[in-house]
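Let's take a friendly walk through a protein model together.

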Amino acid sequence: MKLVIINYGAGNIKSIQFACNRLGVDAILSNNPEEIKSADKIIFPGVGEASSAMKMLKQSGLDTLIPNLKQPVLGICLGMQLMCLHTEEGNTEGLGIFQTNVKRFSNNVKVPQMGWNVIKNLKSDLFKGIKENEYMYLVHSYYAEHCNETIAATDYEINYASALQHENFYGTQFHPEKSGNEGARILENFINM
């Protein structure tokens, strides 16, 4: 099984690679379109700022490659947000995979939301063996609005989409690679799809 983590200059790729290694999978870090296309599974990570991340995707042609992938793809944090239509962060057009927009939390709450919070209303094989109201680790200032593709929800100031799915594309706002045993199970569920 070939698992590729898209390496386009966004942070957190090493922790994802280590998490996959712990599950017995050697993940390849790559921004090579041919390598990515030939993968069985793809993880699209992201820690950073949306407009500069999108610029990096465009420079390497990954902005046109990613939406056309046919194998399972998991976007994490900024990766998921970039798969949406638009984000308020840097007024950035996304890849348009998920039919929703990304908004900033107001200044009425501590931003970024940083730490553990629960996920609920779980609706996907991605969450096989995960209980409702399980805690996951999050670090983010922007959130995806609910849409028909919402497969998990979290409350922080408002109720928002903490996971999305459209066909072979999955996204989690939380970091499964930093969410202990339950996060590892979500990664394993994705790898076993």
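**Ground rules**

This is a predicted model, so to speak: local features need pLDDT of at least 70, side-chain atom pairs count only at pLDDT 80 or more, and totals for chains, interfaces and linings use all residues. Residues are numbered from 1 along each chain as its sequence is written, and side-chain values use heavy atoms, with hydrogens and water left out.

**The chain as a whole**

Six helices and 13 strands make up the list of elements in the chain. Here helices (H or I, at least four residues) and strands (E, at least two) are DSSP runs, numbered from the N terminus. Along the principal axes, the C-alpha atoms fill a box of roughly 45 × 35 × 30 Å.

How does the radius of gyration of the chain compare with that of a compact globule? For 193 residues a compact globule would come near 16 Å, and the chain has 15 Å, which agrees. The radius is taken over C-alpha atoms, and the globule rule is 2.2 Å times the number of residues to the power 0.38.

Of the 193 residues, 53% are buried. Buried means under 20% relative accessible area, exposed means over 50%, and partly exposed lies in between (1.4 Å probe, protein chains only). The accessible surface of the chain is about 8300 Å², and carbon and sulfur atoms hold 46% of that surface. These areas come from the Shrake-Rupley method with a 1.4 Å probe, and for residues only the protein chains shown count as cover.

Contacts tell us about the fold too. Take the contacts between residues at least 6 apart in sequence: 69% of them join residues at least 24 apart. A contact means heavy atoms within 4.5 Å.

There are 17 positive and 20 negative side chains, and the centres of the two sets lie 3 Å apart. Lys and Arg count as positive and Asp and Glu as negative, while His and the chain ends are not counted. Each charge is placed at NZ of Lys, CZ of Arg, CG of Asp or CD of Glu.

Now find strand 11 (residues 150–156), where Ala153 has its place. Is Ala153 buried or exposed? Ala153 is buried, because its relative accessible area is 1%. Its contacts, not counting residues up to four places away in sequence, include Val118, Ile119, His146 and Tyr160.

Strand 11 runs antiparallel to strand 12, and six bridges join the two. Two strands pair if DSSP finds at least two bridges between them. These two strands form a hairpin with one residue between them, and Glu157 in the turn has a positive phi of about 70°.

Strand 12 (residues 158–166) also pairs with strand 13, in the antiparallel sense, over four bridges. On its other partner, strand 4 (residues 73–76), strand 13 pairs in the parallel sense over four bridges. Both faces of strand 13 (residues 169–172) are covered: Phe169 and Gly171 are buried on one side, and Tyr170 and Thr172 are buried on the other.

Some of the bridge partners are set out here.

| Residue | Bridge partner | Strand of the partner |
|---|---|---|
| Leu74 | Tyr170 | strand 13 |
| Gln165 | Tyr170 | strand 13 |
| Ala163 | Thr172 | strand 13 |
| Thr154 | Tyr160 | strand 12 |

**Loops and turns**

Which residue sits in the loop between strand 12 and strand 13? Glu167 has its place there, and its phi is near 50°, a positive value in a residue other than glycine. Glu167 counts as exposed because its relative accessibility is 60%.

Asn133 is another residue with a positive phi, about 65°, although it is not a glycine. Asn133 lies in the loop between strand 8 and strand 9 (134–140), and is partly exposed, with a relative accessible area of 44%. Although Asn133 and Ala153 are 20 residues apart along the chain, their C-alpha atoms are separated by 9.6 Å.

Glu134 is found in strand 9 and counts as buried at 17% relative accessibility. Glu134 touches Asn117, Val118, Ile119 and Glu182, not counting residues up to four places away in sequence.

Finally, look at the peptide bond from Val111 to Pro112: this bond is cis, with omega near 0°. Pro112 lies in the loop between strand 7 (101–104) and strand 8 (113–119).
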